Amino acid sequence: MTTLSIDAGRLLGRLHELGKIGRDGDGRLVRLAGSDADKAGRDALVAWIRAAGLEVAIDRIGNIFGIWGTADNADEASILLGSHIDTVIDAGIYDGCYGVLSGLEVIQTLKSAGFVPARPIAVAAFTNEEGVRYAPDMMGSLVHAGGLPVEEALATLGTDGTVLGAELERIGYAGSEEPGFLRPHAYVELHIEQGPVLEREGVPIGAVENLQGISWQRVTIEGEANHAGTTPMSMRRDAGHAAARVVTFLRDRARNANTPTVATVGCMSFEPNAINVIPSRATFTVDLRDPDEGRLQAEEAALAAYLAELAATEEVTISVERLARFEPVTFDRRIVELVEEAARRRGLASKRMTSGAGHDAQMIARIAPAAMIFVPSIGGISHNPRERTPDADLVAGANILLDVVSRLAAQ
């Protein structure tokens, strides 16, 4: 029977304390990457890492690492835990932060208990996971895994015209370590589900075995502006109407398919954006996701074919820009089984799952065995101030992480 457990009060207290950092004038939680609010959150995290007696290391992309190692295991690859502490606009307090603070809590618990790890254990807070201010998302972990050159990432232009590298310098988090300096032996990320499945099925632990592929595109449709009252419907080259047809096409195709494919148009703008002018331009984003690479490619091809057909029938010009493309990820079977075993030992039910959202784990999985642990999200709500997970589930998930890490670090 497992007896070692994390300090629930310390974990929950830090979650709520971090959740107070970065509130704007309207009380919204907004800690965009590289911002002053991000600096304040980072400062709090670094203080907690130092208070735990861990070494703090920061790489050039601003990833923060808290490392627990000894002279005897310093040359070994690390067990890496973590997630991110940057947020979307008007965020909840758990997304990402729970994984980072639970990782820190696990290390503190093991350290206090006199556990002797066979290899270092480290917690990471990766830069710009959300991708709200700088694209792409999951940037810090992508750079760490070697999937994006650090100079290119640092030169990224933000939505507000700032440059990421300059902002990291400004807030004091342009570190000196080269990305990838810390070699992971394995990576485990604890996260709220951000979906309704665990709560709906009454299962407290998700053993995440794979993660959906993601395709982001920006579509621009060029038509012709004209008077809304004097131009007959049959003589219009209406970019707005063409854009609406794409939205309907994507929704109908995904809803009618007997697959887990999802499709979303999340951003859209018209020009000249006047009530009495036919839109001359429509620009919108398309987010396609599927856990199977073949199906994801088929959906991309179907969209491309529909856009070509639409351009001809609506007499518009359509161009497409790829914003991001990540293949589906299959997580390490052994670590998934360790999650299930830890749940059984603690008398908790578990369920193998697919993650519908992107996470830092999918990037680190490129360079090390990786897996994720999910805990329930009330109502499946996330990226929203109503995001909530019961304290008991938060503590249970952290204890599962504790058990998995103790197994991995003892081998």
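Tutor: Before we look at how two helices cross, recall that axes are lines fitted to C-alpha atoms, for helices over the stretch in contact, and that angles run from 0 to 180 degrees between N-to-C directions. Please also keep in mind that this is a predicted model.

Student: How far apart do the axes of helix 2 and helix 3 come, and at what angle do they cross?

Tutor: Helix 2, residues 36–51, and helix 3, residues 97–112, have axes that come within 10 Å and cross at roughly 15°. Angles under 35 degrees count as roughly parallel, and helix 2 and helix 3 are therefore roughly parallel to each other. Their crossing is left-handed.

Student: Which residues make the contact, and how many of them are nonpolar, polar or charged?

Tutor: Leu45, Trp48 and Ile49 of helix 2 meet Val100, Leu101 and Leu104 of helix 3. By class, this contact of helix 2 with helix 3 has six nonpolar residues, no polar and no charged ones. As a general idea, an α-helix has 3.6 residues a turn, so residues three or four places apart point the same way.

Student: At what angle do helix 8 and helix 9 pack?

Tutor: Helix 8, residues 239–256, and helix 9, residues 293–314, pack at an angle of about 150°, with their axes 11 Å apart. Since angles over 145 degrees count as roughly antiparallel, helix 8 and helix 9 are therefore roughly antiparallel to each other, and their crossing is right-handed. Among the residues that make the contact are Phe249 and Leu250 of helix 8, together with Tyr306 and Leu307 of helix 9. By class, the contact of helix 8 with helix 9 has 10 nonpolar, two polar and four charged residues.

Student: Is Gly172 buried or exposed, and where does it lie?

Tutor: Gly172 lies in the loop between helix 6 (164–171) and strand 5 (184–192), and Gly172 is exposed, with a relative accessible area of 53%. The C-alpha atoms of Gly172 and Arg42 are separated by 9.9 Å, although these residues are 130 residues apart along the chain.

Definitions and conventions. Residues numbered from 1 in each chain as written. Predicted model: local features only at pLDDT ≥ 70, side-chain atom pairs only at ≥ 80, totals over all residues. Heavy atoms only, no water. Helix = DSSP H or I, 4+ residues; strand = E, 2+ residues; numbered from the N terminus. Parallel < 35°, antiparallel > 145°, perpendicular 65-115°, else oblique. Left-handed = near helix turned anticlockwise from the far one by under 90°. Contact = heavy atoms within 4.5 Å. Nonpolar A, V, L, I, M, F, W, Y, C, P; charged D, E, K, R; others polar. Buried < 20%, exposed > 50% of the residue type's maximum accessible area, 1.4 Å probe, protein only.
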